[in-house]
Amino acid sequence: MSQSHVHTISRFLIDQERLNRESRGALTDILQEIALAAKVISREVNKAGLAEILGAAGDENVHGEEVQKLDVFADRVIYRALDHTGRLACMASEEHEGFIPIPDKFPTGDYVVLFDPLDGSSNIDVNVSIGTIFSIHRKISGGERGALEDCLQTGRRQVAAGYVLYGSSTMMVYTTGSGVHGFTLDPSLGEFILSHPDMRFPTPPMKVYSINEAYFSRWSEGQRRMVAYMKGEEGVGGGFSSRYIGSLVADFHRTLLRGGVFMYPRDTKSPEGKLRLLYEAAPLAFVAEQAGGRASDGRTDIMDVVPCDLHQRTPLYIGSREFVDMAEEYLREDPAP
Ligand code: P6P
């Protein structure tokens, strides 16, 4: 690509903003700050094996899970990139039990950002790709400082969403409702460069399913029958391959690029599923829909699930439309949860 065609994320965001006459630049500012935070986190993630930062911080997060120091670092970097912008009414993070108000010393704005600062952090020690996931809503509460209700909105009401993948390269992928665009970090420039304009699930999709099969004994009958079909166990179906990284952002990104379906079902041990609705499933569902795919909890479109709690979990089926539809067909026979 000739130098004259290098599109940085900043340039792309400003060009996109110009297309939207009502835009006052707030969303552009927020996404620019998230991109900056991503660069800072990428730098630390890519030297985690060398710095004393690796390893458990010893604390436990609100879910009783051991917190890796990089989790804490990423959470703090994103918070500090956004808290003073004057664009947010409040935030929410996997690392914080309640919603996060904007300090009184800073002005507030009309948007809310919910994020998982570093998903898949248990993979840090084995150098497997990890990611940041973010979801952006407009404030709906009357107050100036934001409130929990601003965070508890359906995925359908998101104004933007995306993820950062810290892998063999660092990529930022986002949507504001006008398609999905991917940017790759050029460390020599310190810039995210447009590398994947207008990302779409491929058609026909590759027949790839992504699920942790170690939990087979805990699955519903419908879930077992679907995977058996994909494996061709009864002499019908088959032709699928299986890929599972165990890092949601990496598994979703591969599914977006190649097609297929990622599944994290409810099971006897996790009756609500494991993944979080507001800052994992819903933002990825927005990206998936904008890329021509879809996401479901097995019965209801993820984008239409009404949240009741900041950290509520959900089963997740996400990817190529035909395979998510297939999952719903197989699960229809299961007893209602
Ligand atoms: P399991 C990582 O811990 C994570 O939260 C997601 O990134 C990933 O998709 C899932 O859990 C993996 O869970 O139960 O297969 O180890």
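These legends describe close-up views of a sheet, the helices packed on it and a ligand site in a predicted model.

Residues are numbered from 1 along each chain as its sequence is written, and side-chain values use heavy atoms, with hydrogens and water left out. Local features need pLDDT of at least 70 and side-chain atom pairs count only at pLDDT 80 or more, whereas totals for chains, interfaces and linings use all residues.

**View 1. An open sheet of five strands.** The strand order is β12-β11-β13-β17-β15, with mixed pairing; strands are DSSP runs (E, at least two residues) numbered from the N terminus, and two of them pair if DSSP finds at least two bridges between them. Because β12 (241–242) and β15 (294–296) stand at the edges with a single partner strand each, one side of each is left without a neighbour in the sheet. Strand β11 (residues 208–210) runs parallel to β12 and is joined to it by two bridges, with Y209 opposite S242 in β12.

**View 2. Helices on the sheet.** Helix α5 (residues 221–231; helices are DSSP runs of H or I, at least four residues) touches β11, β13 (261–264) and β17 (316–319), contact meaning heavy atoms within 4.5 Å. The direction of α5 makes about 150 degrees with that of β13, where axes are lines fitted to C-alpha atoms, for helices over the stretch in contact, and angles run from 0 to 180 degrees between N-to-C directions.

**View 3. Surroundings of the ligand.** Residues with a heavy atom within 4 Å of the ligand include D119, N212, F262 and K274. An N or O atom in the side chain of Y215 is 2.6 Å from a ligand oxygen atom, and a polar side-chain atom of Y264 also lies 2.6 Å from an oxygen atom of the ligand.

Definitions and conventions. Polar contact = N/O pair within 3.5 Å; in protein donor to acceptor, adjacent residues only side chain to side chain.
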